[in-house]
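My entries follow the display below.

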Amino acid sequence: GGKAGRKEPSAAVLEALKGNKELSGFDRCLLSQIATATSWRTRLGYIRSLFTDEEAAKASEFDPRNVDNLASVVVFLTFIKSGQVPCAEDGSHYRPNHHANEAKQLEGALAVVEKEGGRAAFLVRKIYPLLPSYRSEFTQSVPLTRIRDIAHSNNIPHDLKQDIKHNLQNKLHRSAGPEDLITCKRIIDQVTAPGAQYDGGFVHQMQIFYKELKDFFNATGLDDLLIEIKNKHEPVKEVWVPVDKFLETKHGYKPCFDQMAALIDLRLFLNKNMHAIDGEALQRVRLADVELDKYSFVLLADLSKNIESGNADWPFLSKSLALASRDVALSKIVEDESECIANEFESLSALPAPFTSEPRLRFKANLDRAMRFAADFSEEVSAIFYDKVGPLGRALNVDNHSIEVFAEAEIRSNIVFQFSRAATWALKKTRADLNMPPWDPLLPGKASGVLVAVDSLGDVPEDALRSGCIVALLHAEGDEEVPTGVRGVVLAHDLPHLSHLGVRARQVKVPFVCADERATFDALVGKAAALKGKMCTLDVAENGAVGITAAEAGAAEGAAKAADVVAQVTLPKADLSACKLLDLVDTAKLNSGAKAAAAGELDRIAAKSGGLFKTPTGAAIPFGLFAKAETAAYTSAIDGFDSLNGKEQEAKAEEIRALVAKFPLDGAIAEEISQKFSGQGELMVRSSANCEDLENMSGAGLYDSIANVPASSSALISKAVLKVWESLWTKRASLSRSQAKVPHKDAYMAVLVQKMLTADVSFIMFTQNPVNGNKGEVFIELAFGMGEVLASAVARGSPFRVGFEKSSQKPRIIAFPNYSVKLVPKKDGVAADGDVDAGLETKVVDYSKERLVSDGEFRETLLKRLGQAGEFIEQEMGCPQDIEGVVVGGELYIVQSRPMVL
């Protein structure tokens, strides 16, 4: 305990809170608390309470797993330790053991948050070195007693004795704070200055005390920490081996690669064995790992310079990036993603030299993923700290320079910065060696229009659409509609060629090209900056050459005319006579839609394929059941829909969709489906509208498919069917029909129900190359997990791309995948509340453990089989096909096929 004293509020902080609109929530609570909690101990106690006391956290609007809240704690404690935010005595008397005990409790709570991973773990690791030590010598009732003996020694001048006694000893034992370390350093500098004549024994004792004080404030250097954990056998006795190896390479000035390898070995050893210790030993080992993290920045800087020199061969390059990425993973920086990137680089570094084309393509894919990871991390850290440090720093009266450099320093002094430097050069070298163009054309061609730059296709201005436009597009999800009036698209990132957006661009003959990296896009758009808002011509060549130039005379009139040209689609009259669940053999385009009819046809073709592929079991809810469920309110609402303008149609579509959600679906149908698929696990409930999968209207991605629906639950089956029916009236679906001039009253939705296949690999293949029109090549895109990643581009990145030459029967790898995640069914099926939209979840994908990536012989066999299946289906169907399927346990399944949009 201690003697309570009078607390003077910090006038500057309280003044900063008045009328401050920059701060909200936890930040305001933090500032209010520290205005009265002026000492380091009370501030540590407040921070500790946020993590250990639920009521205290709630009162301060604090969530220990909230990244924004944790960032505030990091900023605040960093400014305290650096002296930017001074602490002040509050009149109470508490020895340093109280500070140590606060730190011990706080670290225990922080470790729980760190163990959960994610962005929070990265921030928690920044808090550890900002706390005092809780070694046993500091938690005893009277710690740091050496300074008392020094202050009472008779072999030093009176003025110095008074300085030590009042400004260091008494202050430290009354209200310790980071400022005491500065005071001690001042005295050390004074007594060891050149020409200073002080008693040698006194100077020696001061130097010992200075080291003790640095230990208390966790300011011990890396070498001292490593020697201490080695001598104390922490975390285990064998720690001396990696410690000695690292220190030998460090002090022997060995090449940075050797030092980095030894550092990684040591960090791996510490992290593997950290579970064997607790208490102060754990704090020491944890701090040693944090210091190794900091030192690795220096080594990675040297390693990056070596790589950038241009002298690095492929083995050195791959092994260096393996070390760098493992270092990032060990630092808990988006640990699941960085771990998988590191695993893949390590797998590549083990391949024998020289690298042939396929390993280099695989290397390039992991580099793309690594660069995306580094860019995302940098943006996120910038957003966290730029948003945080300014308002908080100003309120804490921190000088502007310190505020300005804080976030920049967080990025540029982080190992991810050096990792990205090395990866950037490696990517350039790889692209050059593979002779890859900087652009990826989804649809080559030439078009003219007004140049506009937008974030998404939904942001294109109406006047630009009316006149016809070329769109410089920052982001695309992959399932958008191409708005009428868009004449060409330049996208800032990669996109699956066979995504729904890619299919639609080809359908409406809109030239579409993707930049392989953002810098390429920025360079092109920057070069064409003077043309924004003016008529220009986009020229996309098949070889990847892209240009935007001023349009020739007459282009404006041509673009406006082209913008108005829409191919009208005529739907065959739907057969509404079938009002029961149909076996696939009984389905036809007119009663159940092209998708369901094709599923029945695929069953027939699979039987003829000699075991080349299989199909999932299925059934169909025909158009007749949809028509039977229609209500008077529904038919009234769609009457006159075509005469509404765009905004009115959008609102009306939502109203109609809500009406469909209340359709009286016959419960016996859902029960029949449940019985038909009894014992088959989960179902895919898919759309099969009469306005999709047609030769002149693919409708790809416009309508919903519901995954992971339990076959045992007729209630959830009913819910899923209604969801699919509702999707007939999504904004995108109704817009697509309006653009194609399809009468909405003629649109009907059937439902294809199939046994859900939990895909190891999903694929889409076009039996004619959609980019160059080569009829002799099957074009295939594959991704791990469920196929929504491919069809709708729900994850950033690009898929496996393969060309299968029909004449030689040989697959050709065009690109390896670099998606960060795959979609997998939730283990417990749909959400507990029966939300049928929640059947899938993302899982980070580790390509080093995927056989299709790592086993060349397996890959060759599977891809050849895929190409042959596509060719066989094309022959049976009589025209080029757009095919979707999955691989499950080595078995090939085709789930749907439709005519290609040519």
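I first looked up helix α5 (residues 67-81) and helix α19 (residues 357-395), which pack at an angle of about 50° with their axes 10 Å apart. I note that this makes α5 oblique to α19, since oblique covers whatever is left once angles under 35 degrees count as roughly parallel, over 145 as roughly antiparallel and 65 to 115 as roughly perpendicular. Axes here are lines fitted to C-alpha atoms, for helices over the stretch in contact, and angles run from 0 to 180 degrees between N-to-C directions. The α5/α19 crossing is right-handed, that is, the near helix is turned clockwise from the far one by less than a right angle. On the α5 side I listed Val67, Asp68, Ala71, Ser72, Val74, Val75 and Phe79 in the contact, and on the α19 side Ile384, Phe385, Lys388, Val389, Leu392 and Gly393; contact means heavy atoms within 4.5 Å.

On provenance, I recorded that this is a predicted model, in which local features need pLDDT of at least 70 and side-chain atom pairs count only at pLDDT 80 or more, while totals for chains, interfaces and linings use all residues. Residues are numbered from 1 along each chain as its sequence is written, and side-chain values use heavy atoms, with hydrogens and water left out.

Next I traced the open sheet, whose seven strands have the order β1-β5-β4-β3-β2-β6-β7 with mixed pairing. Strands pair if DSSP finds at least two bridges between them; helices (H or I, at least four residues) and strands (E, at least two) are DSSP runs numbered from the N terminus. β1 (439-443) and β7 (546-550) stand at the edges with a single partner strand each, so one side of each has no neighbour in the sheet. I found an average twist of 35° from one strand to the next.

I then examined strand β2 (residues 445-454), where seven of the ten residues are buried (under 20% relative accessible area, 1.4 Å probe, protein chains only). β2 runs antiparallel to strand β6 (residues 535-540), joined by six bridges, and Ser448 stands opposite Thr537 of β6. With strand β3 (residues 469-473), β2 pairs in the parallel sense over five bridges; Val452 has Val471 as bridge partner, and Val454 stands opposite Leu473.

Last, I checked helix α23 (residues 500-507), which lies across β1 and β5 (512-515) and runs at about 60° to β1.

Notes: Buried < 20%, exposed > 50% of the residue type's maximum accessible area, 1.4 Å probe, protein only.
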